[in-house]
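Colleague: I am new to this structure. Please take me through it, and tell me what stands behind each label.

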Amino acid sequence: MTSTLHYFPILGRGEPIRMTLAACNAQYEEAKVDFGSMKDEAGTAASPFGQAPYLDTPEGVRLSQMTAIMKYVAAKHKPLLLGGSEVERAQVDMLLLGIDDLYLKYISCVYQKSLFEEGKVELWKDHFEPESKSARNGGAHLFFLVEALARGKGSFFLGAQPSIADVFFYFALEAFNREQCFGDKLLSQYPSLGPYMAAVAGIDGLAGRLSNPERQVMPFNGNGQG
């Protein structure tokens, strides 16, 4: 029996899960979420937090929350993607939280400001411009993640071993690097991210997902922005 991922026909927060499944060479099915039912059933086992994505597991449990699902998939199919020791697993958890903090700043700009130029200028100034790393940014800043990557002294956050933190960070960088967001400005400011993204794209199993024609035409976000 395979897992079933429930989400909308967009990339969004379902895509890092799809990418994790691909990196694990795991078979799964996908079902489209009905928004009305998801909200009507909010707080029940059918819709634990009133939002998607969620995953029906072979064990008969419906899991919600993106990073929890990514961790379950990796634990079941390729545990090394969680880290090879207690310290590395804690590092991966730390990085997932840090990446999500930054990604949610982008999402706020997408849905509240439709990525209009004024919103993008503010987003860059507060959370991407190196000079603002010591300002009040809520711990959400690209500089922190780039430095964490450099400390890994390898192709990935954990050095030579990829993790689900790399999968999520790659997806976030895809969002930031799109023309509707920052475009070439991102890699111009942080050139080390170019080789990093190439390394992540080469993770076994992931290349097929990244080149999937269906993925190429999926909207990035639910409002068509980004």
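Colleague: Why is Tyr103 called buried?

Modeller: Its relative accessible area is 1%. Buried means under 20% relative accessible area, exposed over 50%, and partly exposed in between, with a 1.4 Å probe and protein chains only. Tyr103 therefore counts as buried.

Colleague: What kind of model is this, and what are the ground rules?

Modeller: This is a predicted model: local features need pLDDT of at least 70, side-chain atom pairs count only at pLDDT 80 or more, and totals for chains, interfaces and linings use all residues. Residues are numbered from 1 along each chain as its sequence is written, and side-chain values use heavy atoms, with hydrogens and water left out.

Colleague: What makes Tyr103 and Phe171 an aromatic pair, and why is the pair called tilted or stacked?

Modeller: Rings of Phe, Tyr and Trp (its six-membered ring) pair if their centres lie within 6.5 Å. Planes under 30 degrees apart count as stacked, over 60 as edge-to-face, and the rest as tilted. Tyr103 and Phe171 are 5.9 Å centre to centre, with 50° between the planes. That makes the pair tilted.

Colleague: Which parts does that pair tie together?

Modeller: Tyr103 lies in helix H4 (residues 86-113) and Phe171 in helix H7 (residues 164-177), so the pair ties together parts 68 residues apart in sequence. Helices (H or I, at least four residues) and strands (E, at least two) are DSSP runs, numbered from the N terminus. Phe171 has 0% relative accessibility, so Phe171 counts as buried.

Colleague: How many aromatic pairs does the rule give?

Modeller: The count is 13 aromatic pairs. One of them joins Tyr7 and Phe8, which is tilted at 5.3 Å centre to centre and 55° between the planes. Tyr7 is buried, because its relative accessible area is 6%. Ring pairs also link a cluster, whose members include Tyr103, Trp124, Phe171 and Phe220.

Colleague: What makes Arg62 and Asp56 a salt bridge?

Modeller: A salt bridge is a side-chain nitrogen of Lys or Arg within 4 Å of a carboxyl oxygen of Asp or Glu. The closest N and O atoms of Arg62 and Asp56 are 2.6 Å apart. Arg62 is partly exposed at 25% relative accessible area, and Asp56 is partly exposed at 22%. The structure holds 12 salt bridges.

Colleague: How far apart are Glu117 and Lys120 in helix H5?

Modeller: They are three residues apart in helix H5 (residues 117-127), which means about one helical turn separates them. Glu117 counts as exposed at 53% relative accessibility, whereas Lys120 counts as buried at 12%.

Colleague: Which salt bridges form a network?

Modeller: Those that share partners join Glu15, Arg18, Glu30, Glu174, Arg209 and Arg215 into one network.

Colleague: Why are strand S2 and strand S4 called edge strands?

Modeller: Two strands pair if DSSP finds at least two bridges between them. Four strands form an open sheet in the order S2-S1-S3-S4, with mixed pairing. Strand S2 (28-32) and strand S4 (62-64) each pair on one side only.

Colleague: How do you know that S3 and S4 pair?

Modeller: Strand S3 (residues 54-56) and S4 share three bridges, in the antiparallel sense. Leu55 stands opposite Leu63 in S4.
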